[in-house]
Amino acid sequence: MNNSIQLKLIATHLLAQREENPARSNFPKELELDSTDDAIEVQKLMIYLNDQTVYGWKCMLPLDDGSIILAPLLHAPIKQAENCPLYSTNNKALIEPEIAFILQSDLPSNKTYTNEDVDTAFASAHLALELIQKRFDEDTPSTHIEKLADGLSNQGVYLGPQIDKAKAYNASTVNINVKQTELELNLAGVHPAELAQLPLYWAVNYLSAKGISLKAGQVFITGSYCGVVELNTNEQTCITYEDLNTFNVTFLSH
């Protein structure tokens, strides 16, 4: 277990990289993390250093090897704006098409919540894009624990139009169409957890057990239907989730 001074140094280093382009979250040689618990503690420290503010969470069900997929959203969601600023690489926006759920009531920590409790607590569903920022040098080895502490490439969320919650709960597969000036993608979307709401049940109770209270208004995203999609910046982009809704947005490079 790392000591608290080392964990705070790591949190400070990682949080600073959120505002750098290109970012370099690779750990200095003298800093290391030993466990998932340490990574979660770093995330909690990043929330503290972020004016004690967290806007929600990205989550998925744990992987087959037990690896945790969980990260705080440290920037306010961009809500159905015409323009979406982000940190890009070579003028390319990296996004993940997802469904977001909005918490309507506080969920205090250190409690166990049933699936029905969670269903009631999350009031609405929206189309959403996770905004991806690659902060690790891909030529330098980094561990899952380090990437977990850093927030698993999250740089923010674009919150699109509200959709029917019942439809969101049944959206195991969604065909997604993306159009730009000279680009059109037809993507056969499949949710990695089969259903978009299933990671909510796990994440709410995992966070509660870690002493993290959840607040009304927080946004949860639960996994991409088609992985990372690379798009051009500075072009109007039309994104359609079949049978759910459509929205337009232009990604702007910082």
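Which residue just after helix 2 takes a positive phi? The residue is D51, with a phi of about 60°.

This is a predicted model, in which local features need pLDDT of at least 70, side-chain atom pairs count only at pLDDT 80 or more, and totals for chains, interfaces and linings use all residues. Residues are numbered from 1 along each chain as its sequence is written, and side-chain values use heavy atoms, with hydrogens and water left out.

Helix 2 covers residues 36-49. Helices (H or I, at least four residues) and strands (E, at least two) are DSSP runs, numbered from the N terminus. The 14 residues of helix 2 reach 20 Å from first C-alpha to last, close to the 20 Å expected at 1.5 Å a residue; the expected span is 1.5 Å times one less than the number of residues. Buried residues (under 20% relative accessible area, 1.4 Å probe, protein chains only) in this helix are D38, A39, I40, V42, Q43, M46 and I47.

The whole structure holds five aromatic pairs. Rings of Phe, Tyr and Trp (its six-membered ring) pair if their centres lie within 6.5 Å; planes under 30 degrees apart count as stacked, over 60 as edge-to-face and the rest as tilted. Two of the pairs are listed here.

| Pair | Type | Centre to centre | Angle between planes |
|---|---|---|---|
| Y158 and F247 | stacked | 5.6 Å | 20° |
| Y241 and F247 | tilted | 6.5 Å | 35° |

Y158 lies in strand 7 (residues 154-163) and F247 in strand 13 (residues 245-253), so their pair ties together parts 89 residues apart in sequence. Ring pairs link Y158, Y241 and F247 into a cluster. Y158 is buried, as are Y241, at 1% relative accessibility, and F247, with a relative accessible area of 6%.

Note on methods
Buried means under 20% relative accessible area, exposed over 50%, partly exposed in between (1.4 Å probe, protein chains only).
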